[in-house]
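Work through the exercises below with the sequence and the model at hand. Each task is followed by a solution in steps.

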Amino acid sequence: ASFEKGLGLDPAMETADDVMKTLLSLYFGEKDHRAAYAMQQRILSKLEDPAETARALSVFARSWLDDVGDTLRAREALEQAAAIAPTELSVQRLLLELAQREGRTEDALALRRRLADLEPDETERGAQLFSLGRDLVAKHKREDEALDVLEAALEAHPSQLEPLALLSELLAERQEWSELEGAYRRMLERLPRIADDALRAGLEHEIGRRLGVLLEDHLEDTAGALEAFEVALRARPREPAARAKAVSLAQRLGDLDKALVHLLAQASLSPANVEVHRDLFDLFMRTEQVERAADVASVLAHLGAASDRARVVLGAQTIADRPRGALAEEDWALLRLALEPDAGDDLVEPVARIFAAAGPALAASLTGVARRAGELAPLDDAQLADP
C-alpha cells in the first residue's frame, strides 16, 4: 500500500521503475492477477525500444505461464512480442512451448518450421528440419509437407545423410522416381559447399551410386546411369563394385572405348581376376587392337586361363619379353599406394626394387604403351640407359 501511495503521489520519481517492478512482484505473490496485469501494461507503456519491449513481454509471459498457469495471458503477451520482434528466437520458443502445452498441433508444427528457418547455425537448422520432417511422417502422416521440410534440411546442411535417406525412402514408396532423381542431382550440386574433402568424396560416391541404380532400375536410362556411376568413381576410383557396373553399362551401350577404360582400371584393382582379363581380350579383339589383345592373352596364359583363341593370337604375335612371373599381392598394393598424392619418400626404394625385378620386360611394355598412345619421344643412342 505504501508503494502504491508513493507512486500515486509522484509517478515520475527517479525510482518509479524499480517501484513498479517491486509492485508487480508483490501482486503476483498476493495472487492479485488483475493488478499485476494492469501494472504490466503500465510498465510497457514507458518502454520505447522495441527490443526492450519484446524482452519485457517475454518475461511477463513466462510469469503467467509458470507462476500462474494462465495460458491466455501468456499467449497475449507472446503474440505482442512476436509482432514487435518477429525474428526473436526466445519469443518463438516460448510460443512453441505454449502451443505444445495447449495441444495446438497445427500451431506447434508451424512454429517448429519457423524456429528452424530463423536458426542462424546451418548444422542446427538442418537437425531441426530433419526432426520436423521425421515427425511429419511418423506422427502426422503428412508426407507432402515432410518432403518439403526434408529438402530444406538438405539445403541447410548437405553433409547429413539422414534427411536424404528418409526423403529417398518416401519417394521410393510413392514411386516418384523423377522427383527422386531431381533430389539426388540437387544434392550433387550442393556438394561443393562441403569443406571436408573426405566427407565430400564419400557423399559424392554414395549419391552417384544411388543415382546410377535409380536411373538403371527405374528410369531405364542406361547412359545416365553410366554417367552417375562415373561420378561415384570420380570420388572413389578404386571402388570395385561401381567399376564393374560401369563396365557393364558401357558394354550395354556399345561404348567400347569407355568399357575398355573401366576394364583396364578394374584389371589394375584385381590383377589376378581371370574374368576381367578375358573381357579385356574380347574387347581388344572387337576393336581390332590385336597387339594389345596378345598382351592380355599372355597374361591369361600365365594364369592358366587362356582360351584356344587367345593362344592362337598369342602364337601369332612376336613378343620379345613375355611374363616370367607374377607380382605378389602385396607388391600390387604397394604400387597402388605409391600413386597416392601424399605417398611418402619411404616408398621410393621398395617400388624401385619392384621395377628392377621386372627388368627389360617392364621397359619394353612401357615403351609399347607410349608408342600406342602416340606419345613416344624420338630416341637416340645418347639416351640409352641400363634398364
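A crossing is left-handed if the near helix is turned anticlockwise from the far one by less than a right angle, and right-handed if clockwise. Helices (H or I, at least four residues) are DSSP runs numbered from the N terminus. The model is predicted: local features need pLDDT of at least 70, side-chain atom pairs count only at pLDDT 80 or more, and totals for chains, interfaces and linings use all residues. Residues are numbered from 1 along each chain as its sequence is written, and side-chain values use heavy atoms, with hydrogens and water left out.

**Exercise 1.** Describe how helix H13 packs on helix H14.

Step 1. Axes are lines fitted to C-alpha atoms, for helices over the stretch in contact, and angles run from 0 to 180 degrees between N-to-C directions. The axes of H13 (residues 222-235) and H14 (residues 240-253) come within 9 Å and cross at roughly 155 degrees.

Step 2. H13 is therefore roughly antiparallel to H14 (under 35 degrees counts as roughly parallel, over 145 as roughly antiparallel, 65 to 115 as roughly perpendicular, the rest as oblique). The crossing of H13 past H14 is left-handed.

Step 3. Contact means heavy atoms within 4.5 Å. On the H13 side the residues are Thr222, Ala223, Ala225, Leu226, Phe229 and Leu233; those they meet in H14 include Ala242, Ala246, Leu249 and Leu253.

Step 4. The residues of this contact of H13 with H14 comprise 10 nonpolar, 1 polar and 3 charged (Ala, Val, Leu, Ile, Met, Phe, Trp, Tyr, Cys and Pro count as nonpolar, Asp, Glu, Lys and Arg as charged, and the others, Gly among them, as polar).

**Exercise 2.** Are Lys31, Glu4 and Gln40 buried, partly exposed or exposed?

Step 1. Buried means under 20% relative accessible area, exposed over 50%, and partly exposed in between (1.4 Å probe, protein chains only).

Step 2. Lys31, in the loop between helix H2 (16-29) and helix H3 (33-45), is exposed because its relative accessible area is 63%. From Lys31 to Val68 the C-alpha distance is 8.3 Å, across 37 residues of sequence.

Step 3. Glu4 belongs to helix H1 (residues 2-9) and is partly exposed because its relative accessible area is 40%. Not counting residues up to four places away in sequence, Glu4 touches Leu23 and Tyr27.

Step 4. Gln40, in H3, is buried because its relative accessibility is 2%.

**Exercise 3.** Which residues touch the most other members of the largest nonpolar core?

Step 1. A nonpolar core is a set of buried Ala, Val, Leu, Ile, Met, Phe, Trp, Tyr and Cys residues joined through side-chain atoms within 4.5 Å.

Step 2. The largest core has 63 residues, and those touching the most other members are Leu129, Leu167, Leu180, Tyr184, Ile207, Leu280 and Phe281. Helix H9 (residues 143-156) gives the largest share of this core, 8 residues.

Step 3. Another core, of 36 residues, lies apart from it and includes Leu7, Val19, Leu98 and Leu115.

Technical notes: Helix = DSSP H or I, 4+ residues; strand = E, 2+ residues; numbered from the N terminus.
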